[in-house]
Amino acid sequence: MAGRSSAKRISIFNHKGGVGKTTLTFHIAAQLSELGKRVLLVDSDPQCNVTAYVIDNEVLDDLLDHSDDDNGQTVWSAVKPLLDVSGPPIEIEPIDLFSKLLLAPGDIRLSEFEEELNDYWRQCFQRKRSGFAGTMALSSIVNRLCREHRIDFVFYDSGPNIGPLNRAILLDCDYFIIPVAYDLFSIRALKTLGRTLHRWITDWQTVKDLAPEGTYLLPGRPRFLGYIPQNFTVYRGAPASQHSRYIGQLERSIQSDIVSVLREVGASPSKFSNKLGEIKDLGTLVAASQREGVPVYSVSVGTQAQRTAAKNSFRAIAQRIIRLTS
């Protein structure tokens with residue numbers, strides 16, 4: 001196949017749930033598209049959260065009902081031939097959402113693909129081409145979409161776990177961003193996250209050395225772009241006391257458990273930005289956004305000042321991502 005496209009592939013990743021990962025992914029992608037970038041959202045979570053967020057239930061039901069058909073249009077439809085041993089991944093057509101934002105729809109049956117990924121991984125260590133084809137399947141699908149649609153940024157929306165599907169996704173990414181909350185659980189999760197990424201990157205270097213000549217390979221070294229605290233309350237312009245007491249601990253843990261650990265495998269950023277921005281608790285705007293399928297700054301509730309402040313927060317993060325990845 002053709003070489004890797006120039007699109008920057010990013011995952012907003014944390015194996016800890018409840019940190020607003022899907023909401024953050026959607027809004028940063030939306031802001032990048034409004035800033036003139038062509039963006040592809042890849043719903044690689046078997047729970048289909050971002051797909052359910054942005055398209056009508058009837059459309060999603062139709063996609064899932066026909067994902068096994070020859071002309072199925074979900075990410076599962078694309079990888080299914082590999083599992084059926086009937087051929088390579090097939091082409092799917094992304095959904096145009098708005099502006100320059102496109103979506104490769106998710107599918108609950110991606111869980112079946114994830115079950116096979118552990119076997120593909122083992123086959124890579126046995127130098128079997130089938131293992132490399134399976135491990136690289138999602139990347140090759142995304143690569144084709146990037147070339148056909150002239151994509152600038154890819155955002156994977158993945159589930160909150162450290163399973164084999166997220167391993168394949170993170171190893172395909174150029175960068176990753178960690179969403180966090182100002183709480184003890186987020187701080188504790190960083191140690192596991194850093195060591196897991198270190199292991200994945202190290203193992204992949206071994207796999208790359210075993211690959212048959214001419215094999216399309218994942219880059220295998222996602223660089224830490226920064227972290228984004230979310231969903232905290234504000235009192236007199238600053239995080240409330242129940243959140244502020246964790247700020248220093250969180251920053252120290254980012255340095256010790258992420259930056260220092262990944263420096264050992266060359267995955268700490270050359271332009272380290274630490275905190276990319278922060279998103280305070282947006283209250284009813286998020287629920288309305290999910291209900292209406294539009295960004296929080298386009299919903300029909302809240303005040304104009306609230307919507308504008310929310311938009312400015314996401315836009316500042318998107319602008320910083322552009323600068324740091326250019």
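Are D157 and K21 buried or exposed? D157 is buried, and K21 is buried too; buried stands for under 20% relative accessible area, exposed for over 50%, and partly exposed for what lies in between (1.4 Å probe, protein chains only). The views below start from this pair.

A word before we look: this is a predicted model, in which local features need pLDDT of at least 70, side-chain atom pairs count only at pLDDT 80 or more, and totals for chains, interfaces and linings use all residues. Residues are numbered from 1 along each chain as its sequence is written, and side-chain values use heavy atoms, with hydrogens and water left out.

**View 1. D157 and K21 meet in a salt bridge.** The N to O distance between these two side chains is 3.5 Å. A salt bridge here is a side-chain nitrogen of Lys or Arg within 4 Å of a carboxyl oxygen of Asp or Glu. D157 lies in strand β5 and K21 in helix α1 (residues 21-34), so the pair ties together parts that are 136 residues apart in sequence. Helices (H or I, at least four residues) and strands (E, at least two) are DSSP runs, numbered from the N terminus. The general idea is simple: side chains of opposite charge can pair when their charged atoms come close.

**View 2. R4, R9, D172 and D174 are linked in a network of salt bridges.** Look for R9 and D172, whose closest N and O atoms are 2.8 Å apart. R9 sits in strand β1 and D172 in helix α8, so this pair ties together parts that are 163 residues apart in sequence. Both R9 and D172 are buried. Now find D174 and R4, where the closest N and O atoms are 3.6 Å apart. D174 is in the loop between α8 (164-172) and β6 (175-180), while R4 is in the segment before β1 (8-12), so this pair ties together parts that are 170 residues apart in sequence. D174 is buried, with a relative accessible area of 18%, whereas R4 counts as partly exposed at 26%. The structure holds 12 salt bridges.

**View 3. Strand β2 is largely enclosed by the rest of the structure.** Why can we say so? Five of the five residues of β2 (residues 39-43) are buried, so the strand is largely enclosed. In a regular strand the side chains alternate between the two faces of the sheet. In β2, V39, L41 and D43 are on one side and L40 and V42 on the other, and all are buried. β2 pairs with strand β4 (residues 101-104) in the parallel sense over four bridges; two strands pair if DSSP finds at least two bridges between them. β2 also pairs with strand β5 (residues 153-157), in the parallel sense over five bridges.

**View 4. The largest nonpolar core has 59 residues.** A nonpolar core is a set of buried Ala, Val, Leu, Ile, Met, Phe, Trp, Tyr and Cys residues joined through side-chain atoms within 4.5 Å. The residues with the most contacts inside this core are L40, F113, V154, I178, F224, I258 and L262. Helix α9 (residues 184-210) gives the most to this core, with eight residues. Leaving aside neighbours within four places in sequence, F113 is in contact (heavy atoms within 4.5 Å) with W76, V79, L83, Y120, G134, A137 and L165. A second, separate core of 39 residues includes I10, L24, V54 and A310.

**View 5. R307 is buried yet has no salt bridge.** R307 is found in helix α13 (residues 304-325). The nearest side chain of opposite charge, E292, is 8.7 Å away; Lys and Arg count as positive and Asp and Glu as negative, while His and the chain ends are not counted. What does the side chain of R307 reach at 2.8 Å? The side chain of R307 reaches the backbone oxygen of V301. Not counting residues up to four places away in sequence, R307 touches L285, V296, Y297, V299, V301 and G302.

**View 6. S158 is buried, with a relative accessible area of 0%.** You will find S158 in the loop between β5 and α8. Not counting residues up to four places away in sequence, S158 touches S11, F13, K21, S44, D45, N166 and I169.

How values were computed: Polar contact = N/O pair within 3.5 Å; in protein donor to acceptor, adjacent residues only side chain to side chain.
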